[in-house]
Amino acid sequence: MSTNNQHLTHRMPAVFIGHGSPMNAINHNSYTEAWEKLGKTLPRPRAILVISAHWYTRGTAITAMIKPKTIHDFGGFPEALYQIEYPAPGSPELAKQVAELLSPEPIHQDKEEWGLDHGTWEILVRMYPQADIPVVQLSIDGTKPAAWHYELGKKLATLRNEGILIMGSGNVVHNLRAMDWQNANAAPYPWATSFEQFVYDNLRSHEQPHPLTKGLDREDGKLSNPSPEHFLPILPILGTWDGEEGISTPVEGIVSASLSMLSVQIG
C-alpha cells in the first residue's frame with residue numbers, strides 16, 4: 001500500500017474523557033498520567049473539537065473565535081488553578097465546517113462570549129501542554145433528547161477522516177451531592193458501580209436506538225446523574241463509531257464514591 005493510501009485510510013480516534021475535579025489540571029495522579037500518555041500515543045490531531053459538560057445551552061453553539069479565552073468556571077479552588085491559561089488557537093474554519101455538517105440544525109457561531117472551559121482545558125493542559133493545536137468547543141443543547149446527541153456524533157464522524165480529534169468531556173457518574181469529599185478512595189455506591197457497568201457493557205452495542213440513550217431513564221442512571229450534562233458528552237463520541245473499530249477504556253475508576261473517571265477511546 002502506498003503512503004498516500006495509508007494516509008487516506010487513517011482515521012483519527014475519538015475519545016470521551018471522564019474529567020473529574022478541576023484540580024486534575026495541576027495534581028499528579030493515575031488519571032492525569034493516563035491523559036498525558038494519550039497525548040503522546042494518539043496520532044497528532046490537526047484540530048480538536050470538544051463537547052464539554054460545562055457548556056450547557058438552549059440551542060447549539062460553537063466557538064468561532066480566533067483566540068478563545070481560558071474560562072475559570074468554578075469557585076473555591078486554590079489560586080494556582082485560576083492562574084492557568086490555555087492559549088490554544090481557535091479555528092473559525094472548523095467551526096464553520098461543523099455548522100455545515102449539522103445543517104439544517106441552526107448552530108450559533110460564537111465569536112466572543114464563550115471560550116475554553118475547564119472541561120476542555122483541564123484535560124488538554126495534560127494531553128497537549130504546548131497549547132499549539134487549534135481547539136473548538138461545541139455546546140450541549142439541553143433541550144434535545146439523548147438520542148439526538150448520539151445522532152450528532154454520526155453527523156460529525158466524517159471529521160475523524162480529516163485529522164480532527166473529537167472529544168467528549170464529562171463523567172458517566174456525576175453526583176456531587178453524594179460524594180465523599182474527604183476520601184477519594186471511598187467505596188463506590190452500589191448504584192454508581194451498577195450504572196458504570198451498564199455503560200461499559202453497552203459501549204460496543206449495535207442496538208438501535210443505542211442502549212446508552214436510555215441510560216438516564218434507569219434508576220441507577222438517575223442516581224448517578226441528578227442532571228444530564230456530564231453524561232451526555234459520551235453519546236456523540238459513541239455516535240462516531242463505525243461499528244467495527246476497537247473500543248477501549250484507557251482510564252477506569254470511581255473517585256469519592258460517586259464520580260466516575262471512566263474514559264473511552266474509539267479507534
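K154 and E151 both belong to helix α6, where they sit 3 residues apart, or about one turn of the helix. In this predicted model, their side chains meet in a salt bridge, with a distance of 3.6 Å from N to O. An α-helix has 3.6 residues a turn, so residues three or four places apart point the same way. K154 counts as partly exposed because its relative accessibility is 40%, which lies between the limits of 20% and 50%, and E151 is likewise partly exposed, at 35%.

## The buried side of helix α6

Helix α6 spans residues 146–156, and its buried residues are A146, W148, H149, Y150, L152, G153 and L156. These buried residues pack against several other elements, among them strand β2, helix α4 (92–101) and strand β10 (164–170). Their partners also include β4 (60–63), β9 (140–141) and α9 (234–239).

## Strand β2 and residue V50

One of the elements that the buried residues of α6 pack against is β2, a strand that covers residues 47–52 and contains V50. V50 has a relative accessible area of 0% and is therefore buried. Leaving aside residues up to four places away in sequence, V50 touches T120, V135, V136, Q137, L138, M167 and S169.

Which distance in space separates V50 and M167, given that they are 117 residues apart in sequence? Their C-alpha atoms lie 4.7 Å from each other.

## Salt bridges between separate parts of the chain

The structure holds 9 salt bridges. Side chains of opposite charge can pair when their charged atoms come close. One of these bridges joins E105 to K144, whose closest N and O atoms are 3.2 Å apart. Because E105 lies in the loop between α4 and β6 (107–110), while K144 lies in the loop between β9 and α6, the pair ties together parts that are 39 residues apart in sequence. K144 is partly exposed, with a relative accessible area of 25%.

A salt bridge also forms between R160 and E245, with the closest N and O atoms 2.4 Å apart. This pair links distant parts of the chain, since R160 is in the loop between α6 and β10 and E245 is in the loop between α9 and β11 (247–251), 85 residues away. Are R160 and E245 buried or exposed? Both R160 and E245 are buried, and together with R11 they are linked in a network of salt bridges.

Most residues other than glycine have a negative phi, and most peptide bonds are trans. Against that background, a cis peptide bond joins S103 and P104, with omega at about 10°; P104 lies in the loop between α4 and β6, the loop that also holds E105. Another cis peptide bond, with omega at about -5°, joins Q208 and P209, and P209 is found in the loop between α7 (190–201) and α8 (219–224).

Positive phi values occur in A131 and A257, neither of which is a glycine. For A131 the angle is about 55°, and this residue is found in the loop between α5 (118–127) and β8 (135–137). A131 is buried because its relative accessible area, 7%, is under 20%. For A257 phi is near 80°, and A257 lies in the loop between β12 (254–255) and β13 (259–260), where it counts as buried at 3% relative accessibility.

Note on methods. Residues are numbered from 1 along each chain as its sequence is written. This is a predicted model: local features need pLDDT of at least 70, side-chain atom pairs count only at pLDDT 80 or more; totals for chains, interfaces and linings use all residues. Side-chain values use heavy atoms; hydrogens and water are left out. Helices (H or I, at least four residues) and strands (E, at least two) are DSSP runs, numbered from the N terminus. Buried means under 20% relative accessible area, exposed over 50%, partly exposed in between (1.4 Å probe, protein chains only). Contact means heavy atoms within 4.5 Å. A salt bridge is a side-chain nitrogen of Lys or Arg within 4 Å of a carboxyl oxygen of Asp or Glu.
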